Amino acid sequence: MAFVKLAPLCNLRRKPMSEQTVPKQLVTTPAPLTKKLGAWLYDALICVAIWFLWGLFTFPLIRWLLGVDDMQVDTGWQDTLTYRIYSILPTLLILFYFVGSHVRFGQTVGMSSWKLMLVQKDGKPVTFGQALLRDITAVLGIGMLFSLFNSKKLGWHDMISGTRVVALPDKEKD
């Protein structure tokens, strides 16, 4: 019960991007690389946590499914189809985190902390297809470095998907 009362104070209930009030003036300020890298670092920590928790809770299950008591490398358990599928699933979970965050909120947790938002070129919310294409092509954030040499400050993954990362203005104090 106390959580419900504190949730609005902690801003834990973010509205989906479609329900958020659109600012009167379109935000067009390209995000600086330093803020993008800061957000990337925050999101990288979340990815590590997802990978760690996946292994912590599912590794005993995969050992049971494969019937492996000895996890030595030379026993061949890594060559099974079950293990290969098991190895791919955390990557899909991380992709789901990024795509879902970009489509639903327009930003990940890291982007929210650094006041950044992902939008289409015209400022509208990104579509599922754009978010999926962007997040698949944004391999380890290397494409962000391309924004140093681009006049519009777009990474290659933004150019391919038709999106851009903008810096949100600070909230005005009453």
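**Patch, pocket and fold**

Author: This is a predicted model. A nonpolar surface patch of about 1100 Å² is formed by Leu133, Val139, Leu140, Ile142, Leu145, Phe146, Leu148, Phe149, Trp156, Met159 and Ile160.

Reader: Which helix gives the most to the nonpolar patch?
Author: Helix H6, residues 156-161, with three residues.

Reader: Where is isoleucine 160 placed?
Author: Isoleucine 160 sits in helix H6.

Reader: Switching to pockets. How much space lies in the second largest pocket?
Author: About 700 Å³. Its lining has 26 residues. Trp40, Phe98, Ala138, Leu140 and Gly141 lie nearest the centre.

Reader: Which elements give two or more residues to that lining?
Author: Helix H2 (33-66), helix H3 (81-104) and helix H5 (128-137). H2 gives the most, with seven residues.

Reader: How does the lining divide into nonpolar, polar and charged?
Author: There are 17 nonpolar residues, five polar and four charged.

Reader: Now the fold. How many helices and strands are in the protein chain?
Author: Six helices and two strands. Along the sequence the pattern reads α-α-α-α-β-α-α-β.

Reader: What share of the residues counts as buried?
Author: 33% of the 174 residues in the protein chain.

How values were computed. Residues are numbered from 1 along each chain as its sequence is written. This is a predicted model: local features need pLDDT of at least 70, side-chain atom pairs count only at pLDDT 80 or more; totals for chains, interfaces and linings use all residues. Side-chain values use heavy atoms; hydrogens and water are left out. On a 1 Å grid over the protein atoms alone, a cavity is a set of points where a 1.4 Å probe fits but cannot get out, and a pocket is an open set with protein on both sides within 12 Å along at least five of seven lines; lining residues have an atom within 4 Å of a point. Grid points are joined across faces, edges and corners, and a volume is the space filled by probe spheres set on the points. Helices (H or I, at least four residues) and strands (E, at least two) are DSSP runs, numbered from the N terminus. Ala, Val, Leu, Ile, Met, Phe, Trp, Tyr, Cys and Pro count as nonpolar, Asp, Glu, Lys and Arg as charged, and the others, Gly among them, as polar. Patches are made of residues with over 30% relative accessible area and no salt bridge: like charges are joined within 9 Å, nonpolar side chains (Val, Leu, Ile, Met, Phe, Trp, Tyr) within 5 Å. Accessible areas come from the Shrake-Rupley method with a 1.4 Å probe; for residues, only the protein chains shown count as cover. A salt bridge is a side-chain nitrogen of Lys or Arg within 4 Å of a carboxyl oxygen of Asp or Glu. Buried means under 20% relative accessible area, exposed over 50%, partly exposed in between (1.4 Å probe, protein chains only).
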